[in-house]
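The following questions and answers concern selected local features of one structure. Please consult the sequence and the structure alongside them.

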Amino acid sequence: MDSLKTASDTLFILLGAIMVLAMHAGFAFLEVGTVRKKNQVNALVKILADFAVSTVAYFAIGFTVAYGTDFFIGASQIAEKSGYDITRFFFLLTFAAAIPAIISGGIAERAKFNPQLAATFVLVGFVYPFFEGIAWNQHFGIQAWLKGTFGQEFHDFAGSVVVHAMGGWIALPAVLLLGARHGRYGKNGVIAAHPPSSIPFLALGAWILAVGWFGFNVMSAQTLDKISGLVAANSLMAMAGGTIAALIIGRNDPGFAYNGPLAGLVAVCAGSDLMHPLGALATGLIAGGLFVYAFTFTQNRLKIDDVLGVWPLHGLCGAWGGIAAGIFGAEALGGLGGVSLPAQVIMTGMAIIIALVGGGAVYGTLKMFVGLRLDQEEEYNGADLTIHRITATPDTRDL
């Protein structure tokens with residue numbers, strides 16, 4: 001029976017890894033549909049290349065930083081327990097690789113290719129797993145201190161803070177250091193609109209992400225005996241809440257409508273195993289509204305050219321999710337309990353600080369020594385021609 005359970009757990013987490021792997025196609029098409037046509041190929045290649053680099057970085061360094069073990073051992077040892085440990089690595093890798101996939105959307109259309117791959121290696125190898133180890137593997141005794149002080153550890157079931165907030169807040173210094181796309185903001189205060197190149201591709205990306213998210217959240221149980229249909233139901237309710245809020249507040253704008261469900265899903269990750277479905281709905285509603293207001297404010301008032309709005313979507317909604325777990329996870333609001341709001345706030349704040357420092361150090365160093373962005377002519381021609389020497393829809397007269 002033990003061998004059957006181990007095999008079942010391995011299959012369970014493998015299916016989760018495959019579903020989250022598929023989400024990276026969602027990241028790709030969400031970016032393809034949002035950027036201008038001259039940058040679509042670059043969006044597709046970036047997501048794939050970042051995933052490959054993330055795999056190597058997390059295998060060689062990141063997993064060890066977070067969990068203190070590695071796979072530089074014989075294949076016979078790796079294959080023990082139906083290969084559960086290496087499959088768990090695969091599952092957690094797909095989370096780690098979400099960090100550069102998130103960043104990619106913020107720095108789109110003007111970032112150099114190779115410096116971003118270098119940033120991916122360092123972020124996935126060191127910065128992300130540093131906090132991952134604190135939150136999910138008891139590093140530095142911080143979780144024990146939170147429990148001793150507030151009665152409960154920081155709770156993040158599926159990564160609202162560990163993955164999404166970290167990704168969004170790491171992206172912020174990258175976006176600021178790059179600066180806005182040329183022509184986006186005029187000296188006289190005029191803002192040049194860069195509408196999405198393809199709403200169908202944007203919608204396809206959002207749908208792929210939303211479907212894969214049920215693997216992201218439900219399979220975060222990591223063993224079959226811990227699976228909970230409550231996680232799936234709460235994910236569904238948060239997705240619906242985010243959609244409705246973004247649709248109404250965004251005045252039927254399709255870009256907001258299709259990012260709304262993602263905002264809700266980002267926010268519900270942390271407390272999806274604790275909340276009542278009505279609490280998850282409220283979490284999603286707030287996240288959807290937060291995204292629309294924050295995206296509009298950062299673009300139009302602060303003039304931060306975050307192309308896909310990854311800081312509002314992942315950074316702010318992820319941080320909200322960490323706090324929401326402490327609110328709607330409480331028994332007083334219908335949750336299962338076992339969560340402390342002060343612990344949630346403190347660890348969420350710690351994640352933001354680590355992300356800002358780590359992201360600023362990585363991208364600041366790259367900007368100083370090799371540069372981060374394409375020159376003005378290269379940006380005008382588009383990343384597709386500049387970097388990849390082909391466009392998404394090459395003129396047939398040139399063939």
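**Nonpolar patch, helices and loops**

A nonpolar surface patch of about 560 Å² is formed by I244, L247, I248, I249, L285 and Y293. This is a predicted model, in which local features need pLDDT of at least 70, side-chain atom pairs count only at pLDDT 80 or more, and totals for chains, interfaces and linings use all residues. Residues are numbered from 1 along each chain as its sequence is written, and side-chain values use heavy atoms, with hydrogens and water left out.

Q: Which helix gives the most residues to the nonpolar patch?
A: Patch residues have over 30% relative accessible area and no salt bridge, and nonpolar side chains (Val, Leu, Ile, Met, Phe, Trp, Tyr) are joined within 5 Å. A salt bridge is a side-chain nitrogen of Lys or Arg within 4 Å of a carboxyl oxygen of Asp or Glu, and areas come from the Shrake-Rupley method with a 1.4 Å probe. Helices are DSSP runs (H or I, at least four residues) numbered from the N terminus, and α10 (229-249) and α12 (277-301) each supply at least two patch residues. With four residues, the greatest contribution is that of α10.

Q: Is I249 buried, partly exposed or exposed?
A: I249 is placed in helix α10. Buried means under 20% relative accessible area, exposed over 50%, and partly exposed in between. I249 has a relative accessible area of 31%, so I249 is partly exposed.

Q: Why is α11 described as largely enclosed by the rest of the structure?
A: The N-terminal end of α11 is capped by D253, with a side-chain oxygen 2.8 Å from the backbone nitrogen of G255. The helix is largely enclosed because, of its 15 residues, the number buried is 13.

Q: What is the relative accessible area of F140?
A: F140 lies in the loop between α6 (113-136) and α7 (142-150). Although not a glycine, F140 has a positive phi of about 65°. F140 counts as exposed because its relative accessibility is 60%.

How values were computed: Patch = residues over 30% accessible without salt bridge, like charges linked within 9 Å, V, L, I, M, F, W, Y side chains within 5 Å. Buried < 20%, exposed > 50% of the residue type's maximum accessible area, 1.4 Å probe, protein only. Polar contact = N/O pair within 3.5 Å; in protein donor to acceptor, adjacent residues only side chain to side chain.
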